[in-house]
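Welcome to my notebook. I went through this structure one stop at a time and jotted down what I looked up.

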Amino acid sequence: MACVVVVGTQWGDEGKGKVVDLLTEGARGIIRFQGGNNAGHTLVVGSEKFILHLIPSGILHEGKTCYIGNGVVVDPAVLLMEMDRLKDRGVAIGPEKLRLSDRAHVIMPYHKSLDIAREKAKGAKAIGTTGRGIGPCYEDKAARCGVRVVDLLDPEVLRQKIEANLAEKNFWLTKYFGEDGLSAEKVYEDYLAFGQRLAPHVADVSAELDALCQAGGSLLFEGAQGTHLDLDHGTYPYVTSSNPVAGSVSAGAGVGITRISDVLGVVKAYTTRVGGGPFLTELDDENGKWMQEKGAEFGSTTGRPRRCGWLDGVVVRQAVRLSGITGLCVTKLDVLTGLPKLRFCLGYQTKDGRRLDSLPASLAVLSSCQPIYEEMEGWQEDISVIRQYQDLPASCRAYLERLAEFAGVPLSMISVGPARDATIVLRNPLA
Ligand code: GDP
Ligand code: IMO
Ligand code: MG
């Protein structure tokens, strides 16, 4: 039995969905433990492409159970739509296949309205959120006024919570932001109906995962976002409102940390970021354009173009430290094919000439740094058809090995195309 956590090491969109889909074969349960439908995880199987926002990326496999843990914030309308769309494409999702934690917090319409109104009010200083209500929902969780999945099943409690929340939220929306308020009755009716449809899936996920482990089943935890979007450890305030680091599995799924056996860190072979915030290796030149175009770097959730830049070893090494990563899954290596020279960032130089080996807490200091690069040879051969590590061009292996050495952990997997089978597997902890 193994418990493997997959996390993003950069700013999200590293290819976690593909890695989780691939590893699912060796797992019994696949679990989301934080974030919400700000995530967009892409799976490509044969000629079919699926983008999942809330449902774990193991859903396409038969005989597996997918879990949405208590640490996830759930927009029930989005979850139901995602279930319906999968059903239309032949993926039936019965209650035995998808379990939803009774303790997960629910994204309400006022969370979305507040998210959008706040971003608008911030103007040029906007975080660039996905506008899905993620931050305001986590705020209510911490403020102890949130609506939980279990509340959707109790009409009296649901009505009271919506009325109490809207008395306050409508004040902010109308009086402070000058936006429209919401009708408590309408929200109540909609959410009661969502609760009725989701009821068969609602479960004590922590208890069910414990039972699975006791029976010898392996678990695969699917991180959303990336380490540097972490609320505590990321480039605050340009972060999300949850903790994408691996340790958050314990709080977000109700599984003790001593159960975790491996942590895989997904690394895009270059760096991307959607939304605002510092990004030292960002490129505003032909190389950046290459990555954006060849890598089709548009957000899977909002469709926004992703900012692109060189691989930042400092970012990856810090993620290894923060999540106790035991193996690296490098994705999108094929996108770099054809670039004559590559650059790898191995440190930052401050304005006053000091060298930094990790990201500083101060955004002012970070933003004023210059990346220190090492230049590496590129490769010209088509690597998308390669399935054995030793068949990769020497300069390509040198690039990967430099990353692994710098980050201090071995390579587990190399992805050379979006499809499930376009992968070189070196070490699979679930095999
Ligand atoms: P996630 O949020 O970490 O799951 O990543 P996204 O799905 O948002 O973005 C990754 C994108 O890269 C998706 O469009 C994937 O289909 C694609 N992708 C994943 N691995 C590879 C790869 O090795 N090569 C190429 N060219 N595309 C990849
Ligand atoms: P996956 O799981 C990339 C970014 C947003 C914004 C910041 C805060 O697909 O890797 P939020 O809506 O969470 O309050 O926005 O976080 N962001 C992501 N960027 N991939 C994601 O998820 C992201 N989820 C949130 O763009 O900068
Ligand atoms: Mg994504």
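Predicted model: local features only at pLDDT ≥ 70, side-chain atom pairs only at ≥ 80, totals over all residues.

**Entry 1: around ligand 1.** Which residues come nearest to ligand 1? I noted Gly15, Lys16, Thr42, Asp334 and Ser415, out of 19 residues around the ligand. Sorting the shell by class, I got four nonpolar, eight polar and seven charged residues.

**Entry 2: polar contacts of ligand 1.** Next I looked up some pairs of atoms. A polar atom in the side chain of Thr42 lies 2.6 Å from an oxygen atom of ligand 1. For Asp13, I found a polar side-chain atom 3.0 Å from an oxygen of this ligand. The side chain of Ser415 has an N or O atom 2.5 Å from an oxygen atom of ligand 1. On its own, ligand 1 exposes 580 Å², and the protein buries 92% of that. I also noted that ligand 1 takes the space of the second largest pocket.

**Entry 3: over to ligand 2.** Where does ligand 2 sit? I found it in the largest pocket. I listed 20 residues surrounding ligand 2, with Asp13, Lys16, His41, Thr130 and Thr240 as the closest. The shell holds seven nonpolar, ten polar and three charged residues.

**Entry 4: polar contacts of ligand 2.** Asp13 turned up again, this time through its backbone: an N or O atom there is 2.8 Å from an oxygen atom of ligand 2. At Gly40, a polar backbone atom lies 2.9 Å from an oxygen of ligand 2. Arg304 uses its side chain, where a polar atom is 3.0 Å from a ligand 2 oxygen. Ligand 2 exposes 550 Å² when taken alone, of which the protein buries 97%.

**Entry 5: backbone details.** I then followed the loop between strand 10 (219–222) and helix 8 (248–253), where Pro237 lies. The peptide bond from Tyr236 to Pro237 is cis, and its omega is near 5°. Gln225 has its place in the loop between strand 10 and helix 8 too. Its phi is positive, near 60°, although Gln225 is not a glycine. Is Gln225 buried or exposed? I wrote down buried, because its relative accessibility is 7% and the cut-off is under 20%.

Entry 6: With 49% relative accessibility, Ala296 counts as partly exposed.

Methods. Residues numbered from 1 in each chain as written. Chains lettered and ligands numbered in written order. Heavy atoms only, no water. Near = heavy atom within 4 Å. Polar contact = N/O pair within 3.5 Å; in protein donor to acceptor, adjacent residues only side chain to side chain. Areas by Shrake-Rupley, 256 points an atom, 1.4 Å probe, with all protein chains shown as cover. 1 Å grid on protein atoms, 1.4 Å probe; cavity = no way out; pocket = protein on both sides within 12 Å on 5 of 7 lines; lining within 4 Å. Sits in = over half its atoms within 2 Å of the grid points. Nonpolar A, V, L, I, M, F, W, Y, C, P; charged D, E, K, R; others polar. Helix = DSSP H or I, 4+ residues; strand = E, 2+ residues; numbered from the N terminus. Buried < 20%, exposed > 50% of the residue type's maximum accessible area, 1.4 Å probe, protein only.
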